[in-house]
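Me: Could you take a close look at one part of this model for me, the helix packing towards the end of the chain? I'd enjoy a connected account with the cut-offs spelled out.

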Amino acid sequence: MAEGSSNAAAQVLDELVHQFADAVSCFRELIQNAIDAGTSEVEVSFEFEPEKTQREPVPEQPGTIVAEVRDWGGGMDREVIEEKLTRLFSSAKEGDATKIGKFGIGFVSVFALEPEAVCVDTGRGGEIWRVLFDRERRFSLVKLADPLEGTRVRIFVPGTRASYEKLRADARRAVIHWCQHVNVELRFDGERVDRPLGLAGLVELSAERGPARIVVGHAHEDETLHGFYNGGITLEAGPEKVEELAGISFKVLAGDLEHTLTRDGVVRNEAFASAVQVVAEIVDGELRTRVASEVDARVRREQSEGLVPWLRALAVHLTRAATTQRKLPEALATTAIGRAPDGSWLTLGALAEAGAKLPLRTSLAASPTAQALHDAKSPVLVLPSRAEGEEDPAHAIRRLLLPISREGIVDVDATWALPGAISGESLPSEFSALREAALELLTASGHKVKEISLGVFAWPGSRISKRIALTLDAADQPERLDELDDLHVGMLRRKRPLVFNAGHKIVVEALEVAKREPELAACLLLKAARLEGDRLDAEVEATWTRCSWEARCRRLPT
């Protein structure tokens, strides 16, 4: 054989050895060969044989890593060995490396592990053979006497105990990634690692389209998986492989799908496009209906536990529909997503209609602000509270609504404020005397107040819960928070309603003092309110102090 031909063949062989980016992909090829041979089970095992001079099991301990792939398939006789398995290699006797076959193309990848030797024991039709490859990739063929069913491939790699542990872990990862859905029993060091085609996620639907098997659904978290398989061997699998199916998890197993030349991807051909189309039909049909129905049921039961993953799944479908259709499909439009402040249910359809013209409004509670702002054309959605140990459903719902709100989403309690009115029997008995005393002091100092009342300032999401008092344009109309700040600086300068925070510590203490000394309580409370606005001056303070004392003296004459 000419030297040039020999060198060229050696170069081709070297390229085939390193044809895969990951050396442990060779285990996929050996498993595939075993399945092609008709086996019903495959066993992958690892063992570390330490050098006799080093008995202590330390990470640096030298020895030999023995990786074995065993099957009970049809095996090989001499003709198969010589015509298919070894045609890529130099015979230790013949030295001929010019013939390139197909059968051994996957097998040669075992040499990417840089083994000291590779031993293949195989039997077929009463013939038992051993093919032994050395580190130079030369082979010798030996006939064996002991019976053997199927094929056993052993790979001997020099290394340390630490490199053994790493190679074993890498190989296990590769075997599970590439071969978990094979239709044979697959074991790794005795542990069964083959799995039925499935997603093990939040929800999944199964379908068969001709010879193709498909599972489609959603994961528990935001991560998604797109997987394509042929004969159970992974062609390509990972997050977001198909852009138009973002947010969806699916697996397609079909015999007409093909792998790329590098065997790390699926060919984007007609079969691929057909598979993607089928997945999309399931997503926009049965899966969308299933997710919408589940969210609707959980929302109407007010079941916040486990709701967030379903809301994330629904957001995927809402985004798909909002970007491709002018009107929401019925399954989405009729889905209840929460209550309005008046207790009625709000659906995605109603919110989409409102969100087409105005910002969508949300609140963490059926607060006085939310109740005052809610109407049919601009509804306020009361968001569910967060259960202990659960993800925040309010955040998930706001994200969910983004595709149907052209003008954005507004938190009403972060934008407006309206204290809840306290009246009638709910008013503390001492408040009447406190109010009269405060009105007298304000009149004496020349301040204009329309009325003084007691209100509720605290609820989930409230931005006024720490205020002592507020002035409003109208007692029953919400004020914008940015305007409240301006009004607060000039509080009591205009004839406006003045509302005290019934839950504030200073107001509570003032009410207690008012049981005995309403004038003193009113003076202290007004000073605190003015100090909160950084507007108290000496003249006003003197007037209130003097007038409160005079009023007390009139009430308690000597």
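Reply: Happy to; here is a walk around helix α15 and its contacts with α14 and α11. This is a predicted model, in which local features need pLDDT of at least 70 and side-chain atom pairs count only at pLDDT 80 or more, while totals for chains, interfaces and linings use all residues. Residues are numbered from 1 along each chain as its sequence is written, and side-chain values use heavy atoms, with hydrogens and water left out.

Two packed helices are described by the angle between their axes and the distance between the axes. Axes here are lines fitted to C-alpha atoms, for helices over the stretch in contact, with angles running from 0 to 180 degrees between N-to-C directions. Helices are DSSP runs (H or I, at least four residues), numbered from the N terminus.

Let's start with α14 (residues 518–532) and α15 (residues 538–555): their axes come within 8 Å and cross at roughly 165 degrees. That makes α14 roughly antiparallel to α15, a label for angles over 145 degrees. The crossing of these two helices is right-handed, meaning that the near helix is turned clockwise from the far one by less than a right angle. On the α14 side, the contact (heavy atoms within 4.5 Å) is made by Pro-518, Glu-519, Cys-523, Leu-526, Lys-527 and Arg-530. From α15 come Glu-541, Trp-544, Thr-545, Ser-548, Ala-551, Arg-552 and Arg-555. By class, the α14 and α15 contact has six charged, five nonpolar and two polar residues. In this scheme Ala, Val, Leu, Ile, Met, Phe, Trp, Tyr, Cys and Pro count as nonpolar, Asp, Glu, Lys and Arg as charged, and the others, Gly among them, as polar.

Now for the other partner of α15. Helix α11 (residues 431–444) has an axis that comes within 9 Å of that of α15, and the two cross at roughly 130 degrees. The crossing of α11 and α15 is right-handed. Here Glu-440, Leu-441, Leu-442 and Ala-444 of α11 meet Thr-543, Trp-544, Cys-547, Ser-548, Ala-551 and Arg-554 of α15. The α11 and α15 contact divides into six nonpolar, two polar and two charged residues.

Conventions:
Parallel < 35°, antiparallel > 145°, perpendicular 65-115°, else oblique.
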